[in-house]
Amino acid sequence: MARTATIVRETSESKVELSLNLDGTGKTDIDTSVPFYNHMMTALGKHSLIDLKIKATGDTDIDAHHTVEDIAIVFGEALKQALGDKRGIRRFADATVPLDEALAKAVVDISGRPYCVCTGEPEGFEYCMIGGHFTGSLVRHVMESIAMHADICLHLHVISGRDPHHIAEAEFKALARALRFAIEPDPRVDGIPSTKGAL
């Protein structure tokens, strides 16, 4: 059964059209209307091996926040939908990813229980403007929105870093690599990977 999802979300602040395939090759077609976010979501698709298509517009003349948040919400919802009952997946995974001086670690549990812990971003990172549109604070907000709407547990820790672009990109790539292995079918798993019998 194909592990795919397509979702359209339209509000007074944004319109998001997103489709994904969990069993892809990392092929992406990303137009979020926020240039740095394009770069981050492209990296997320590429390194998770999730085929990802996003077309989004919004009130970015006010701020990128609404559009960025709504894309993260839709990505989380699509991830949850495509996972279905989570039968046969690995469920847990972690990844530590460097980008020059920056190093980030992500740990994922496809648990059915939303939780997000983000730590280690350097003081002042949340106020940095990356790429002219994207504030550092949005990284944590994206991670929280994905976790809450995908019903996954995510721990993300920045171990080191100086350049805001490098820090953010290491965080997105760490999430991508952890997701890649957590959602992957495990040939040794028969059924739902939980003692409760449901996730």
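Begin by selecting helix α4, residues 164–182, where helices are DSSP runs of H or I with at least four residues, strands are E runs of at least two, and both are numbered from the N terminus. Its 19 residues reach 27 Å from the first C-alpha to the last, close to the 27 Å expected at 1.5 Å a residue, the expected span being 1.5 Å times one less than the number of residues. This is a predicted model, in which local features need pLDDT of at least 70 and side-chain atom pairs count only at pLDDT 80 or more, while totals for chains, interfaces and linings use all residues. Residues are numbered from 1 along each chain as its sequence is written, and side-chain values use heavy atoms, with hydrogens and water left out.

Staying with α4, note that 14 of its 19 residues are buried, so the helix is largely enclosed by the rest of the structure; buried means under 20% relative accessible area, exposed over 50%, and partly exposed in between, with a 1.4 Å probe and protein chains only. At its N-terminal end, select Asp163, which caps the helix through a side-chain oxygen 2.9 Å from the backbone nitrogen of His165.

Next, colour the largest nonpolar core, which has 64 residues, with Leu20, Tyr37, Met41, Phe75 and Leu179 making the most contacts inside it; such a core is a set of buried Ala, Val, Leu, Ile, Met, Phe, Trp, Tyr and Cys residues joined through side-chain atoms within 4.5 Å. Helix α4 gives the most to this core, with 10 residues. Centre on Tyr37, which is in contact (heavy atoms within 4.5 Å) with Thr32, Val68, Ile71, Ala72, Phe134, Val142 and Phe172, leaving aside residues up to four places away in sequence.

Then move to Ile73 in helix α2, residues 65–83. Ile73 is buried, with a relative accessible area of 8%, and it touches Arg9, Ser145 and His149 when residues up to four places away in sequence are not counted.

Strand β1, residues 4–10, runs antiparallel to β2 and is joined to it by 7 bridges, strands being paired if DSSP finds at least two bridges between them. A hairpin of 3 residues links β1 to β2, and Val8 stands opposite Glu17. Strand β4, residues 51–58, also pairs with β2 in the antiparallel sense, over 8 bridges, and there Thr57 is the bridge partner of Lys15.

Conventions:
Polar contact = N/O pair within 3.5 Å; in protein donor to acceptor, adjacent residues only side chain to side chain.
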